[in-house]
Amino acid sequence: MVVLDPGHGGADAGVTGSYGAAEKDVTLALALEVKRQLGVLYDIRLTRESDRGLSVVRRTELANSFHGDLMLSLHSGGGLSRDANRIALFVQREKRGRVLAPKGEDGWDTGHRPYIAESQALAAVMKRSLSTLDGYEGVGYSGVPLKVATGARMPMVLVEVGNLTNPREEGRLENPEHLRRVSAAVAAGIEAFLSR
Ligand SMILES: [Zn+2]
């Protein structure tokens, strides 16, 4: 079971490009295309299949209820400048001692802690696969406090596919052909991870 989480949705549009493309629509189109490409091989579930809002906690709860083997949260965020266009991967940061827990939910991330090493392995495989795409400055990878991974009982990586604030990239992400290529790279990464 592969869980795809299209970032944002509903009232939360995410980043909006200068020609008006909304991140919430790009992430959903991407998730649906990855599902279309990989659905013959794997069971794929999306945290949302339409334009609706979902809290970050609910996304993680859904992924756990689906018993995912992995979870990818898809985004296409903003860059520091209009020219910036990076792919960035984020995994939950490893921390000594007490793990990041939302206030009032003591020790909650003991749920994801055992999966952090696998999340890093998933990120490494995704990085290799996404590095094959043209037109990006590279694929960044970092460990950060990652709310959507908190409590996830599976390997989990957040993927920022390019910067919607770059007008050229905004045009590309609106182009079905480019979307198919990006989705194919994401799909290849998932397949490589699951068939290790
Ligand atoms: Zn986002």
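A donor is an N, O or S atom within 2.8 Å of the metal. With that in hand, let us visit the views of this predicted model.

View 1. In sequence, the donor residues of the zinc ion follow the spacing H-x14-E-x51-H. Helix α1 (residues 23-38) holds E23 and strand β3 (residues 70-75) holds H75, so this pair ties together parts that are 52 residues apart in sequence. Which atoms are the protein donors of the zinc ion? They are NE2 of H8, OE of E23 and ND1 of H75, lying 2.1 Å from the ion. E23 and H75 are both buried.

View 2. Take a moment with H8, which sits in the loop between β1 and α1. Is H8 buried or exposed? Its relative accessible area is 17%, and under 20% means buried, so H8 is buried. Most residues other than glycine have a negative phi. H8 is not a glycine, yet its phi is positive, at about 65°.

**View 3. H67, in another loop.** The loop between α2 (56-65) and β3 contains H67. H67 also has a positive phi, near 55°, and is a residue other than glycine. With a relative accessibility of 63%, H67 counts as exposed, because the cut-off for exposed is over 50%.

**View 4. The sheet, strand by strand.** In what order do the six strands of the open sheet stand? Follow them as β2-β1-β3-β6-β4-β5, with mixed pairing. The edges belong to β2 (44-46) and β5 (139-144), each with a single partner strand, so one side of each has no neighbour in the sheet. On average, neighbouring strands of this sheet are turned by 20° against each other, direction ignored. Look next at β1 (residues 2-6) and β3, which run parallel and are joined by five bridges. Here V3 stands opposite M71 in β3.

**View 5. Helices lying across the strands.** Helix α3 (residues 116-130) lies across β3, β4 (87-92), β5 and β6 (156-161), and runs at about 170° to β4. Helix α5 (residues 176-194) lies across β1, β3 and β6, running at about 160° to β3.

View 6. Helix α3 includes S119. How accessible is S119? Its relative accessibility is 0%, so S119 counts as buried. Setting aside neighbours within four places in sequence, S119 is in contact with V91, H112, M154, P155, M156 and V157.

**View 7. Where α1 meets α5.** These two helices, α1 and α5, pack at an angle of about 60°, and their axes are 9 Å apart. That angle makes α1 oblique to α5. The crossing of α1 and α5 is right-handed. Contact residues of α1 include A29, L30, E33 and V34, while those of α5 include L179, R180, V182 and S183.

**View 8. Where α3 meets α5.** What angle do α3 and α5 make as they pack? The angle is about 135°, with the axes 8 Å apart. The helices α3 and α5 are therefore oblique to each other. Their crossing is right-handed, as α3 passes α5. The contact is made by E118, A121, L122, V125, M126, S129 and L130 of α3, together with A185, V186, A188, G189, I190, A192 and F193 of α5.

Technical notes: Residues numbered from 1 in each chain as written. Predicted model: local features only at pLDDT ≥ 70, side-chain atom pairs only at ≥ 80, totals over all residues. Heavy atoms only, no water. Donors = N, O, S within 2.8 Å, 3.2 Å for Na, K, Ca; no water. Helix = DSSP H or I, 4+ residues; strand = E, 2+ residues; numbered from the N terminus. Buried < 20%, exposed > 50% of the residue type's maximum accessible area, 1.4 Å probe, protein only. Pairing = 2+ DSSP bridges. Axes fitted to C-alpha atoms, helices over the stretch in contact; angles between N-to-C directions. Contact = heavy atoms within 4.5 Å. Parallel < 35°, antiparallel > 145°, perpendicular 65-115°, else oblique. Left-handed = near helix turned anticlockwise from the far one by under 90°.
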